[in-house]
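This report describes selected features of one protein model.

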Amino acid sequence: MNPAAYADTILQGQQPIKDWESLYSANKLFRLHFFSPRNSNSRYLGIFYNLPSKSLNDEAVWVANRNTPIQDASGSLMIDTNGKLKITYSGGTIPSVFDSSPIASINSSATLQDDGNFVLTEVNPDGSMNRTLWQSFDYPTDTFLPGMKLGVNFRTGHRWSLTSWISKQVPSSGSFTIGGDPNGTSQLMIWWQGNVYWTSGIWRNGHFDNAPKLSNYDNARFSYISNENEKYLTYSVNKSDVGTHLKIDTVGIITEGQAAASFGVCSLSGMLDAGCLKRAYPQCWKDDDFWYESKTGHIFDDGYRFDENYNMSLFDCQDKCAQNCSCFAYASLTLNGTGCEIWSKDLSFYTSGSPMNREVYFLQTGRARKWWIWLIASLSGILLLAFSILCYFVQRKLRVKGINEAETRTLLNELEDTITPQSQYGKPRDKQDKKLKQVYFYSIESIAMATNNFAAANKLGEGGFGPVYKGMLPGGQEIAIKRLSRNSGQGLREFKNEILLIAKLQHTNLVRLLGCCIEGQEKILVYEYMPNKSLDFSLFDSSTRELLNWTQRMNIIDGVAQGLLYLHKYSRLKVVHRDLKASNILLDHGLNPKISDFGMAKIFGVHESEANTNRIVGTYGYMSPEYAIKGIVSMKTDVFSFGVLLLEIVSGKKNYSSYCLERPLNLIGYAWELWMEGRVLELMDSRLDNSSPKDEIRRCINVGLLCVQDHPEDRPSMTDVVYMLTKDTVKLPAPKQPAFFIENGARAREAKREISLEKNCTNELSLSVMEAR
Ligand code: ACK
């Protein structure tokens, strides 16, 4: 065994005490040695009890380098040539409390005494002891041993105080300190993060006002020394009571050895112990009693982690949680109890055994005590949920059978504010109604009469969600009637959308909805009749195509642009049509365009410019890539469709008619190729008169290509489009490569896969509805 193993003194010039060596007090009541707390490799120099009672021996009663641990076993304790105590290690000298020791004028030695005090003394040349240079009792850590002082030395300004460990396993200075009142009154104070947290009250008749019984040990004699030089509390015990000590723990409570706390117990809220200062908490707690209960388990969800993690104790963490009205749980970030993580949302907490287990503290409030209220609320919730699920399934069942009476009633209620009852002769009941409401309610009899009982001869065609008939009201007004297919569960949403939306919109380039009919299983929309059918018909049907000359086409382009501009900007609502295409542009007597079919339209909030939808509806070939692939809808979705329409109007070709998906180019790609080769006018419809204004046509193609740019931000707004189309003096920006240029590229494959297209090259895919994602 090393000769230093049983020494109590270290001499100047003697071999240092190494990491694995110890100093023992004369009667071996205390031991000084390097140690590592549990779960840590850091090395500290500490003083421990060395008693038969093992449990007492485990905790350091004093630490020399609490804030500057050594990370390996190279540390040693020595007295240097100046007679100063020093901790050295492989990298140099560790800063510690010893730094405060003065230089010895002669020689010095340090002794660990049987009271646990480590004392550095001057040694005379004859070996006798001179004055005390430094002692650990003047620099306590968190433990108050008999003979130590707590208070102030007015002469030197030195304060004797205890500061808690940051956690049970980390000796660094924590957030609680206990010491004498610096203002000189005869009382002790506990500070938390520098703020007064508890006061002992004045010392009177052998005890403090707020701590009437200072000690659990009858033979601990406390005395409060007060004179002009110093004021301090100290105590002594009988020799047989060795092991008695007071300590400030990591949550600011004063404990006596292993015994229960005697003072400084300040709860979060509710009744406070004498001397506790009420802490300020946010208004949300009002007068509620609240506390935290710990549970052991592990959590998968990440909470909010504080930056100052390293220096935060669990108590500091609790405070962070209590200061945050939405925090309902907190925990230390590390296994050694430092750092802070708080949670404000429900977390997945598992109590099963796991190496990741830790203590999590959950908020409990006085409100929670009223368990029966919670029970009733929970039961009601469960019943409501069960009822809703039942309703959902019943509704689904009914929907499968077709649109039913209940649905009709609900729909009528929903539309009550929008539609006005109509008399049998198609006139509004009174003038007031007409002013207020634009959409009228027709009886099924009047509709049947108008369409000759839905005669096949009156059928105009098949729309997205049912047949369209021509009809005539008794007054002679021509109407178009859209009849929702009976077994179309799909169309109901669009039906409702169209009524609610179009009732609020009015523009010369939007088709006018005159009214509707909702009776039994019938859901019908009534529009003004457009004698020149859809643009699709005029533009692509070979027998009628020549009808549209360039002036008419330009008029259509302008009209559609104006209609869209109104939807995007000037209407009371901000609307994205989402299904703009040639078959949804109807032409009136004068071949003026009217945008129709608002079933898929989406209303945007005033400050909303983009939305994400999982219901991708529209027509492939007109859909912008970000919408088709990611479901991102914005005004630019319509701009893209407008661009396609523009190129179709100029060329008289469908985007996907002659350029099928299996071939490398569609109309956009073809236009781009011509643009790149400087042959853009070759895109012009060959049926058009050769005298058509080339500049205007070139300008339209340019705008069209700008509208079909891959990235929405590269596309112009409808305001820009209208400006570019009407101001022929404005120099237009050159387009970049547009979207869907190379149809067999990865992008196209992605779109094709997502939209699951039918591989029909000649027929337009009219309506693709995706509920997925
Ligand atoms: O090209 P079209 O004749 O014009 O064929 C379609 C068909 O119904 C299915 O949508 C026609 N259509 C729709 N609404 C009207 C309307 N308000 N006036 C005239 N025809 C219409 C459309």
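## Nonpolar core

A nonpolar core is a set of buried Ala, Val, Leu, Ile, Met, Phe, Trp, Tyr and Cys residues joined through side-chain atoms within 4.5 Å. Buried means under 20% relative accessible area, exposed over 50%, and partly exposed in between (1.4 Å probe, protein chains only). The model is predicted: local features need pLDDT of at least 70 and side-chain atom pairs count only at pLDDT 80 or more, while totals for chains, interfaces and linings use all residues. Residues are numbered from 1 along each chain as its sequence is written, and side-chain values use heavy atoms, with hydrogens and water left out.

The largest nonpolar core contains 78 residues; Leu-505, Leu-535, Ile-557, Phe-598, Phe-642, Leu-645 and Leu-725 have the most contacts inside it. Helix H10 (residues 550-570) gives the most to this core, with 10 residues. Because domain 4 (414-528) and domain 5 (535-770) both give residues to the core, it lies between them; domain bounds come from an automatic or database domain assignment.

## Strand pairing

Helices (H or I, at least four residues) and strands (E, at least two) are DSSP runs, numbered from the N terminus. Two strands pair if DSSP finds at least two bridges between them.

Strand E26 (residues 290-299) runs antiparallel to E31, and eight bridges join them. Ser-294 has Tyr-361 as its bridge partner in E31. E26 also pairs with E30 in the antiparallel sense, over two bridges, with Ile-299 partnered by Phe-349 in E30.

## Loop residue Met-356

Met-356 lies in the loop between strand E30 (349-350) and strand E31 (358-365). Its relative accessibility is 49%, so Met-356 counts as partly exposed.
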